[in-house]
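This report describes one part of a protein model for a reader who is new to structural description. Please look at the sequence and the structure below before reading on.

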Amino acid sequence: MSHRLDDCADLRGEMDDLLCAHDGEAVAASGLVHTAPGTRITQAVIMAGGKGTRLHPYSALFPKPLMPLNDMPVLELLLRQMKNAGITDVILAVNHLSHLLEAFFGNGERLGLNIRYRLESKPLGTAGALGDMLDDLDDDFFVTNGDLLTTLSLDRMMQAHYRSAGDISIGVYKREVKIDFGLIEIDQRSRLMAYREKPTSSHFVSMGVYALRREAVRMHLTSGEYLDMPGLIMSVKQSGGDVTCYHEDCVWLDIGRPDDFALAQQMFVSERNQFLAS
């Protein structure tokens with residue numbers, strides 16, 4: 001069963017439509033055996049190698065994942081959320097100012113995690129780094145951006161991923177887009193067709209958090225080759241893979257711009273417990 005982004009919905013309750021129980025395993029419509037619901041994802045790959053150019057000049061001195069939310073770097077918040085969701089093993093794909101990330105987080109013992117580092121000799125995109133670490137990954141694993149700021153429940157997304165018996169699950173967020181001008185539509189003769197004052201539309205956008213089945217993505221990855229996550233996802237889908245989308249009512253912020261980062265700091269201070277409880 002496939003979902004378009006504009007049709008994405010919470011996958012809870014779809015278990016009967018997507019899989020059947022078989023000796024403690026789940027069988028997808030494709031016939032591929034998938035791990036049964038109840039099995040937990042305990043491994044995550046965090047893409048933390050970006051330069052954060054939209055946050056210059058701040059990110060010239062600090063890697064974007066170390067940008068502080070009051071007293072806590074954004075990456076530490078994400079790692080604490082992963083620990084709460086039962087994740088124990090984390091691989092950080094690093095590049096820009098990687099020595100600062102390694103010095104701050106070390107082997108993860110302070111956070112109760114096992115953290116390893118994979119240094120990219122060149123930028124490999126938001127998915128390319130996976131090509132060099134597939135044999136170190138579990139059957140199912142999370143991939144996230146290193147600057148992810150959300151109250152999304154990784155635990156519930158994990159459960160939905162197993163219930164779907166799919167190959168990839170994408171965390172999506174419903175975002176309203178407002179145009180601050182009067183929108184005019186014209187025909188081929190430049191005659192007015194419609195006039196809408198400052199219209200608002202809503203769209204599902206990727207949150208930068210994914211659950212992947214290792215063997216479903218293996219054939220689409222090449223060691224050392226640049227690849228962004230949208231390219232990987234569409235390659236899997238076009239080859240017949242099952243890509244589902246997970247949506248829940250949560251907070252999500254893109255901290256790529258200084259104004260958004262300032263808002264994120266304010267929200268974290270006022271809603272600290274909500275973020276840490278995710």
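This is a predicted model: local features need pLDDT of at least 70, side-chain atom pairs count only at pLDDT 80 or more; totals for chains, interfaces and linings use all residues.

Strand β7 belongs to an open sheet of seven strands, whose order is β8-β7-β4-β9-β14-β11-β15 and whose pairing is mixed. The edges of this sheet are formed by β8 (114-119) and β15 (243-246); each has a single partner strand, so one side of each is left without a neighbour in the sheet. On average, neighbouring strands of the sheet are turned by 30 degrees against each other, direction ignored.

Strands of a sheet pair through backbone hydrogen bonds, either parallel or antiparallel.

| Pair of strands | Sense | Bridges | Residues standing opposite |
|---|---|---|---|
| β7 and β8 | parallel | six bridges | V94 and L119 |
| β4 and β7 | parallel | six bridges | V45 and I91 |

Helix α2 (residues 74-84) packs on the sheet, where it touches β4 (43-48), β7, β8 and β9 (140-145). The direction of α2 makes about 170 degrees with that of β4.

Two packed helices are described by the angle between their axes and the distance between the axes. The axes of α2 and helix α3 (residues 98-105) come within 12 Å and cross at roughly 50 degrees. Helices α2 and α3 are therefore oblique to each other, and their crossing is right-handed. At this meeting, α2 contributes L75, E76 and L79, while α3 contributes L101, F104 and F105.

Leaving aside residues up to four places away in sequence, E76 touches F104, F105, R110 and L111. With one of these, R110, the side chain of E76 makes a side-chain polar contact at 3.4 Å.

Methods: Residues are numbered from 1 along each chain as its sequence is written. Side-chain values use heavy atoms; hydrogens and water are left out. Two strands pair if DSSP finds at least two bridges between them. Helices (H or I, at least four residues) and strands (E, at least two) are DSSP runs, numbered from the N terminus. Axes are lines fitted to C-alpha atoms, for helices over the stretch in contact, and angles run from 0 to 180 degrees between N-to-C directions. Contact means heavy atoms within 4.5 Å. A polar contact is a pair of N or O atoms within 3.5 Å; within protein, one must be able to donate a hydrogen and the other to accept it, and residues adjacent in sequence count only if both atoms are side-chain atoms. Angles under 35 degrees count as roughly parallel, over 145 as roughly antiparallel, 65 to 115 as roughly perpendicular and the rest as oblique. A crossing is left-handed if the near helix is turned anticlockwise from the far one by less than a right angle, and right-handed if clockwise.
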